[in-house]
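Hi everyone, thanks for making time.

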Amino acid sequence: MTSNLVTIARLELTAAGRLKWIRLLTASFALLAAAAAYSAGAVDELSGADGFARTTMALVPVVLILVPLSASILGVSGQCVETGSEPFLFGQPVGRATVLIGRWLGETAALAGSIALGLGIGGGIVAFSSGTDGLAHFVFFVAASIVLATIFLAIAAAVAAATEKRVVALGAAIFVWFFFVLLYDGVMLSLAGWITGSLGGRVLFGSVFGNPADLIRVATLSVAGTPNVLGAAGDAWVRFLGGSTAATVSAIAALTAWIVVPLAAGIQLIRARDL
């Protein structure tokens, strides 16, 4: 099983690496990171720590849009192959779960390489111009971006397993991206405003765990952003969870669940399909 998993992951990584838009995505990340470094003043005016923090602040909104979108498209494209090829593939002596997980691993490796290479170029510009102080925080930001890609690839795998046609799966995945990245926060803010008293604040604090993009945003800004960027709201969220240690453990557990649960759902769905 392990050898089949590695083989499928390697084939998926090779196929994803040959996609022209993945290469363009890498170039886009590199250009955005370089532009963020210059626009934040990280190259000429700031020390290494401030330079990396401001560059991260400038990149976070873009990454929270681009990474989930690219992961959704890549995940659906990889999991939903051409019509007629799935019965042949799943007719081979390899489990359906192995195929799904192997594809997910290959896509994760491809997108992780694209993100790390693209954002790493921006980090290299800051380090070369302002020093390496604060580099570890920028590395955390890159790692968090990869985790976000991993989560949305898992969600895309579940969506693809639930549908038979690629166009339907792609439409569903784009809706999931739209909901989590653009719609969710507005809905939660409206709900928290409608609920009176302290319960509204608790709902708003708890809603962070219902959106992986929000979790990554809060974690990144807390660790790699400028000091006190989350202000009183961030301090209140940490107190709500029982302190910084409890908040860290809760965030890690929630992010892990956002990977495991969609993959488990995708495995069950692909096993139930009549191929």
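Before anything else, one cut-off: a residue counts as buried when its relative accessible area is under 20%. Keep that in mind for Thr-26, which has a relative accessible area of 14% and is therefore buried. You'll find Thr-26 in helix 2, residues 20-39. So what does Thr-26 touch, if we skip residues up to four places away in sequence? The answer is Ser-114, Leu-117 and Gly-118.

Okay, stepping back. What you're looking at is a predicted model. The average pLDDT for the protein is 84, and 86% of the residues score at least 70.

Now the overall layout. Of its 275 residues, 46% count as buried. And if you take the contacts with a separation of 6 or more, 84% of them involve residues 24 or more positions apart.

Here's one example of residues meeting across the sequence. Leu-69 sits in helix 3, residues 48-79. Leu-69 and Trp-177 are 108 residues apart along the chain, yet their C-alpha atoms are separated by 6.3 Å. Leaving out residues up to four places away in sequence, Leu-69 touches Trp-177 and also Ile-174. Is Leu-69 buried or partly exposed? It's partly exposed, because its relative accessible area is 24%.

Next, have a look at helix 8, residues 198-207. Its buried residues are Gly-200, Phe-205 and Ser-207. Looking down the axis of helix 8, those buried residues fall within an arc of 160 degrees, so they line one face of the helix.

The protein exposes about 13,100 Å², and carbon and sulfur atoms supply 68% of that. Which residues make a nonpolar surface patch of about 440 Å²? Those are Phe-175, Phe-178, Leu-182, Leu-183 and Val-187. Val-187 belongs to helix 7, residues 166-194, and it is partly exposed because its relative accessible area is 37%.

That's my tour. Happy to go back to any part of the picture.

Terms used
Residues are numbered from 1 along each chain as its sequence is written. This is a predicted model: local features need pLDDT of at least 70, side-chain atom pairs count only at pLDDT 80 or more; totals for chains, interfaces and linings use all residues. Side-chain values use heavy atoms; hydrogens and water are left out. Buried means under 20% relative accessible area, exposed over 50%, partly exposed in between (1.4 Å probe, protein chains only). Contact means heavy atoms within 4.5 Å. Accessible areas come from the Shrake-Rupley method with a 1.4 Å probe; for residues, only the protein chains shown count as cover. Patches are made of residues with over 30% relative accessible area and no salt bridge: like charges are joined within 9 Å, nonpolar side chains (Val, Leu, Ile, Met, Phe, Trp, Tyr) within 5 Å. A salt bridge is a side-chain nitrogen of Lys or Arg within 4 Å of a carboxyl oxygen of Asp or Glu. Helices (H or I, at least four residues) and strands (E, at least two) are DSSP runs, numbered from the N terminus. pLDDT is the predictor's confidence in each residue, from 0 to 100. The arc is that of the directions from the helix axis to the C-beta atoms.
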